[in-house]
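Here are some notes for a colleague who is opening this structure for the first time. Please read them with the model in view.

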Amino acid sequence: MSPLSSGLLGDLDPTSDRAVFRQIADQLREAIDRGRFREGEKLPSEADLVDHFGVSRMTVRNAFSILQGEGLVHAEHGRGVFVRPRPPVRRLASDRFARRHREQGKSAFIVEADAAGGHPQVDSLEVKEEKASQDISTRLGSVRRVLARRRRYLLDGRPVEFATSYLPLDIARGTPIAEPNPGPGGIYARLEELGHRLNHFDEEIRARMPSPAEVKTLRLAAGVPVIHLIRTAFDIEGRAVEVCDTVMAADAYVLSYQLPAT
């Protein structure tokens, strides 16, 4: 039975001044929001929608384009249009850097992947010394050169974020932090072993559309924005010991926060 024969979509309103392709997009969006079409499920084909609404294929394609631009669906060549899965990773800001995770030998990404029930991987790893940009230098207290650690994170084989950590050379040079694999618990565990007990993190977050390079690196579908996060880690002496510049696929994450009431 065609999915349209069970009343999942209504009819067009001929009295509306809203364009027909936008009315179709509205109906499909509502059906997705109400769970009539579930995550990963294929939407009705162009032919089904043409027959149901009595419109041209181009009108249907324009409706699909709107939903793709909103990041609700993605098209697979030769297969059809599918509802995009909801974000699989919940990033709990108040817990992800808890010391107990480092003491258990887990980095923040591994903690999140475990909670999501996914398999974490890191690739495209690069570790090198370089000149600090003006912004990074300012955040780290006017350092001139830094150790930069660049890596891409994957969940179940899908790229979900890439990040660059910048650390002052007087802290990181000649330590496990300068190795490709810094060891259990990641670089924060190593910083604390070096005497830089972490006190707090400052984060700046904004959403934006990705650059062409970010689209390629994260394999983003059309219309999917990114979350750009810059985090600075401070030790108990008040020194900034790391700046992490992270770009995340917005359709892969939910950012979750716990805020005090007083």
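1. In this predicted model, strand β8 and strand β9 (residues 240-249) run antiparallel and are joined by 9 bridges. Ala233 stands opposite Glu242 in β9. The two strands form a hairpin with 4 residues between them, and Gly238, which lies in the turn, has a positive phi of about 90°.

2. Strand β7 (residues 198-208) also runs antiparallel to β8, and 10 bridges join the two.

3. Is β8 enclosed or open? Because 10 of the 10 residues of β8 (residues 226-235) are buried, the strand is largely enclosed by the rest of the structure. Both of its faces are covered, with Val226, His228, Ile230, Thr232 and Phe234 buried on one side and Ile227, Leu229, Arg231, Ala233 and Asp235 buried on the other.

4. In helix α2 (residues 46-53), the residues Leu49, Val50 and Phe53 are buried. They cover an arc of only 105° around the axis, which puts them on the same side of α2. The buried residues of α2 pack against α1 (20-33) and α3 (57-69), and the helix is followed by Gly54, whose phi is positive, near 70°.

5. Arg57 belongs to helix α3 and is partly exposed, with a relative accessible area of 41%. Leaving aside neighbours within four places in sequence, Arg57 is in contact with Glu46, Ala47 and Val50, and a polar contact of 2.9 Å joins the side chains of Arg57 and Glu46.

Terms used:
Residues numbered from 1 in each chain as written. Predicted model: local features only at pLDDT ≥ 70, side-chain atom pairs only at ≥ 80, totals over all residues. Heavy atoms only, no water. Buried < 20%, exposed > 50% of the residue type's maximum accessible area, 1.4 Å probe, protein only. Arc of directions from axis to C-beta. Contact = heavy atoms within 4.5 Å. Polar contact = N/O pair within 3.5 Å; in protein donor to acceptor, adjacent residues only side chain to side chain. Pairing = 2+ DSSP bridges.
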